[in-house]
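Please find my notes on this model below, as numbered points. They begin with overall dimensions and end with a single residue.

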Amino acid sequence: MDEFDIVDSLIFNGGLEFAGKDSETGEPLYRPTEKLKEIDSRLSDELSIYFSEVTLRLWEKGFLDMDITDEDPIVNLGPKSLDVLA
């Protein structure tokens, strides 16, 4: 089973859902669902950790604005996200 078969299986079983298309390539984009925890809890945890780390790095660099002390912070674009030269 290759990575495409795994993704197809996750989509078919409800672990991933269509989120839109990449505006540059037209490729479909998917997001994890709550059901992914039931299907593959390790993958669900790894994705959660990955997105948390990336979000924190973007916040540290000024691309995102949020109160990291909140349990469920509201995330907004930071000043650097609108700076074309950043």
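1. The chain has a radius of gyration of 16 Å, whereas a compact globule of 86 residues would have one near 12 Å. The radius is taken over C-alpha atoms, and the globule rule is 2.2 Å times the number of residues to the power 0.38. The C-alpha trace spans about 40 × 35 × 20 Å along its principal axes.

2. This is a predicted model: local features need pLDDT of at least 70, side-chain atom pairs count only at pLDDT 80 or more, and totals for chains, interfaces and linings use all residues. Numbering runs from 1 along each chain as its sequence is written, and side-chain values use heavy atoms, with hydrogens and water left out.

3. Three helices and four strands make up the secondary structure, in the sequence order α-β-β-α-α-β-β. Helices (H or I, at least four residues) and strands (E, at least two) are DSSP runs, numbered from the N terminus.

4. Of the 86 residues, 13% count as buried, that is, under 20% relative accessible area with a 1.4 Å probe, protein chains only; exposed means over 50%, and partly exposed lies in between.

5. For contacts (heavy atoms within 4.5 Å), 8% of those between residues at least 6 apart in sequence join residues at least 24 apart.

6. Asp45 lies in helix H3 (residues 41-60). Asp45 counts as partly exposed because its relative accessibility is 47%. From Asp45 to Gly62 the C-alpha to C-alpha distance is 26 Å, at a sequence separation of 17 residues.
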